[in-house]
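Please read these notes with the structure open beside you. Each point can be checked by finding the residues it names.

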Amino acid sequence: MPRGRKKILTPALEDYLTVIYEIQQKQPAARISTIARKVGVSLPSVTNAVRRLADLGYVEYEKYGLIVLTPRGKRKAQSLFTMQKRIKNFFHYVFGISVDISEKLARHLSHYLTARTRERIKEFYKLVIDFKEDQAKELRKFIEESRKLVNVAELPEDVLEDLKALEREPEEEEEGD
């Protein structure tokens with residue numbers, strides 16, 4: 001690995017990893033050119049990223065060859081892909097945000113989630129993605145557990161004030177309106 005490069009999986013490398021995973025869902029291996037087209041970057045950028053993924057043990061790659069996820073790479077990519085799909089579905093089906101924007105939000109947010117946060121999202125997702133009235137008690141319990149996790153028995157005054165201010169706040173106009 002070149003000097004100055006950290007040997008960590010960065011958010012950009014995670015994006016490449018999920019793209020390789022998506023390609024491998026349809027064909028046995030990925031190519032630099034396929035990844036470049038899908039991501040919208042230059043061939044040298046992809047080559048550099050794939051080399052770094054190989055150095056980290058996430059892909060098998062030889063110059064001018066095919067790119068294949070290692071078992072470690074496949075596990076990590078599946079985890080990222082699943083979390084992004086859940087976040088996208090949450091924004092789209094619960095908040096009513098377009099699929100394009102939901103996908104962008106999911107891609108960006110997924111990079112910064114700890115294992116604990118991913119687990120909480122998974123629990124919340126199960127509750128709200130197909131919410132039924134009989135789940136209200138479970139949702140209330142989830143919220144109470146969440147507040148205990150951050151040592152809050154009741155909402156602070158500033159949050160309650162903000163809630164009151166929401167009622168007086170005018171709706172935002174869409175950009176381009």
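The points below go from the whole chain to single residues.

1. Basis of the note. This is a predicted model, in which local features need pLDDT of at least 70 and side-chain atom pairs count only at pLDDT 80 or more, while totals for chains, interfaces and linings use all residues. Residues are numbered from 1 along each chain as its sequence is written, and side-chain values use heavy atoms, with hydrogens and water left out.

2. Elements. The protein has eight helices and two strands. Helices here are DSSP runs of H or I with at least four residues, strands are runs of E with at least two, and both are numbered from the N terminus. Read from the N terminus, the order is α-α-α-β-β-α-α-α-α-α.

3. Overall dimensions. The protein has a radius of gyration of 21 Å, whereas a compact globule of 177 residues would have one near 16 Å. The radius is taken over C-alpha atoms, and the globule rule is 2.2 Å times the number of residues to the power 0.38. Along the principal axes, the C-alpha atoms fill a box of roughly 60 × 40 × 35 Å.

4. Burial. Of the 177 residues, 28% are buried. Buried means under 20% relative accessible area, exposed means over 50%, and partly exposed lies in between (1.4 Å probe, protein chains only). The areas come from the Shrake-Rupley method, and for residues only the protein chains shown count as cover.

5. Salt bridges in general. Side chains of opposite charge can pair when their charged atoms come close. A salt bridge is counted when a side-chain nitrogen of Lys or Arg is within 4 Å of a carboxyl oxygen of Asp or Glu. The whole structure holds seven salt bridges.

6. Glutamate 22 is partly exposed at 27% relative accessible area, and lysine 38 is partly exposed at 43%.

7. How far apart are the closest N and O atoms of lysine 122 and glutamate 119? They are 3.4 Å apart, and the two residues form a salt bridge. Lysine 122 and glutamate 119 are separated by about one helical turn because they are three residues apart in helix α6 (residues 115-128). Lysine 122 is partly exposed, with 29% relative accessibility, and glutamate 119 is also partly exposed, with 37%.

8. Glutamate 144 and arginine 140 form a salt bridge with an N to O distance of 3.3 Å. Both are in helix α7 (residues 136-149), four residues apart, which is about one turn of the helix. Glutamate 144 has a relative accessible area of 39% and is partly exposed; arginine 140 is partly exposed at 43%.

9. The loop between α7 and α8. Glutamate 154 is in this loop and is exposed, with 66% relative accessible area.

10. Which residues form the nonpolar patch on the surface? They are Leu155, Val159, Leu160, Leu163 and Leu166, with about 380 Å² of accessible area together. A patch of negative charge on the surface gathers Glu157, Asp158, Asp162, Glu169 and Glu172, and glutamate 157 is in helix α8 (residues 157-168). Patch residues have over 30% relative accessible area and no salt bridge; like charges are joined within 9 Å, and nonpolar side chains (Val, Leu, Ile, Met, Phe, Trp, Tyr) within 5 Å. Asp and Glu count as negative and Lys and Arg as positive, while His and the chain ends are not counted. The place of a charge is taken as NZ of Lys, CZ of Arg, CG of Asp or CD of Glu.

11. Positive phi angles. Tyrosine 64 is not a glycine, yet has a positive phi of about 65°. Tyrosine 64 is in the loop between β1 (59-61) and β2 (67-69) and is exposed at 75% relative accessibility. Asparagine 151, also not a glycine, has a positive phi of about 55°. Asparagine 151 is in the loop between α7 and α8 and is exposed, with a relative accessible area of 72%.

Key: Accessible areas come from the Shrake-Rupley method with a 1.4 Å probe; for residues, only the protein chains shown count as cover.
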